[in-house]
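Welcome! Have a look at it first, and then we can walk through it.

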Amino acid sequence: MKLLVTGGAGYVGSVNAAHLVEAGHEVVVLDDLSTGHADAVPEGARFVEGELSEAAGPLLAEGFDGVLHFAARSLVGESVEKPELYWDNNVVRTFRLLEAMREHGTPRLVFSSTAAVYGEPEQVPIPEDAPTRPTNPYGASKLAIDTMITSYATAYGLAAVSLRYFNVAGAHGRFGERHAVETHLIPIVLQVAAGTRESVAIYGDDWDTPDGTCLRDYIHVDDLADAHLLALQKAEPGRHGIYNLGSGRGFSVLEVVEACRTVTGHPIPARVAPRRAGDPAVLIASSGRATTELGWNPTRTALETMVGDAWRFAQDRLPV
C-alpha cells in the first residue's frame, strides 16, 4: 500500500512508520517538526515537511491507499491553559484532512485516539462502550475527531479505525520517546537515572490501590504498531471501528520506579508529592475487542521489557 503517515516524525508516528517500511509499504511522512524530529523519519520513507491542513491535500492528490493520522498536540496541561491550540491543531486540521481524503478518494484511515476520552472511569478494565466524559480539552478534541470520523464513514464509505491508546512505552531501535516537555512517567524516571533530573515525584501514596500509588496500563510501542498494521488490513468501508489498546493489567507508580531501578542499576530517588487534581486511581484497558476483531495480541507486556528498551534508546542519546 501507499500510505501517508501524518506526524510521522514524532514518537509513536516514527515507530509506526518504521514498522510500515519494514512490512514493505510505500510510506510518505508528513510532519511540521513542531514537536517531531527529522532524524526520526525512517530510512526508506519519503519525508515532506509541512503543515497538515496545507500539505495533506496536494499530497493525497498523488493517490494513496490510506492515511495513518498521528499529528496532534497532546499535552493535557497545555490543553487546559490554551484550549484554542487543541481545537485548531487537532479538530479543525483533522476536518481538513478528512475533506482532502474525501476529495481525492483516499479509502482508509487509522486514527491515533486516546484513553483520555473516557475521563473518570465507572468501571475497570475500561471497555469501548464506557461513557466518554473527557476531563480536559485534549481528550475532548480526540473524542470530537472520533465523532467526526464516524460521520464520514457513514456518509462517504470511509474505512476507518480509531485506536485508543493507554500508556505507550518502550522504543523500536533508534526510534523512541524524546519530548521537549516530558510528561510521561517512564522517561521522567529514566531522566533521573541519566543524571538530567534529581528525583521523581510520586503524586500521592494514599490512593485506594495495593501500594497506595496510581495504577496505569502500559503498552509497548511495538505492540501498538502491530495493531496499526492489523487495523489497515481489517478496516471495512462504511464502518468506523473503535478499539482500546492496553495490556489489560496495571502497574503502579512504585512498580515503575522499581523496574527502572532494576534495569538501570541506579537508586533513583523518589519523593511523595500531593495528589494532582483529576488523576484517577486506576486506568486499565479492556482490549478484548481488538483481540477478537483485529486479531491483536500484545507480546511485549513485561514492564522490564518496556523500560529496558526505553533505557537503551535514552543511553544511545546521552553525550559521549
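## A bridge between two strands

His-69 finds its bridge partner in β5, where that partner is Phe-111. Bear in mind as you look that this is a predicted model. The strands involved are β4 (residues 66-69) and β5 (residues 108-114), which run parallel and are joined by three bridges.

## The sheet around it

Zooming out, β4 and β5 belong to an open sheet of seven strands with parallel pairing, ordered β3-β2-β1-β4-β5-β6-β11. The edges are taken by β3 (46-49) and β11 (240-245); each has a single partner strand, so one side of each is left without a neighbour in the sheet. From one strand to the next, the twist averages 20°.

## Helices on the sheet

Helix α2 (residues 52-60) packs on the sheet and touches β1 (2-6), β2 (26-31), β3 and β4. The direction of α2 makes about 155° with that of β2. Helix α4 (residues 83-104) lies across β4 and β5, and runs at about 170° to β4.

## A helix pair

How do α6 and α8 pack? Helix α6 (residues 185-194) meets helix α8 (residues 253-264) at an angle of about 45°, and their axes are 10 Å apart. That angle makes α6 oblique to α8, and the crossing is right-handed.

On the α6 side, the contact is formed by Leu-185, Ile-186, Val-189, Leu-190 and Ala-193, which meet Val-253, Val-256, Val-257, Cys-260 and Thr-264 of α8. By type, the residues of this contact are nine nonpolar, one polar and no charged.

Note on methods
Residues numbered from 1 in each chain as written. Predicted model: local features only at pLDDT ≥ 70, side-chain atom pairs only at ≥ 80, totals over all residues. Heavy atoms only, no water. Pairing = 2+ DSSP bridges. Helix = DSSP H or I, 4+ residues; strand = E, 2+ residues; numbered from the N terminus. Axes fitted to C-alpha atoms, helices over the stretch in contact; angles between N-to-C directions. Contact = heavy atoms within 4.5 Å. Parallel < 35°, antiparallel > 145°, perpendicular 65-115°, else oblique. Left-handed = near helix turned anticlockwise from the far one by under 90°. Nonpolar A, V, L, I, M, F, W, Y, C, P; charged D, E, K, R; others polar.
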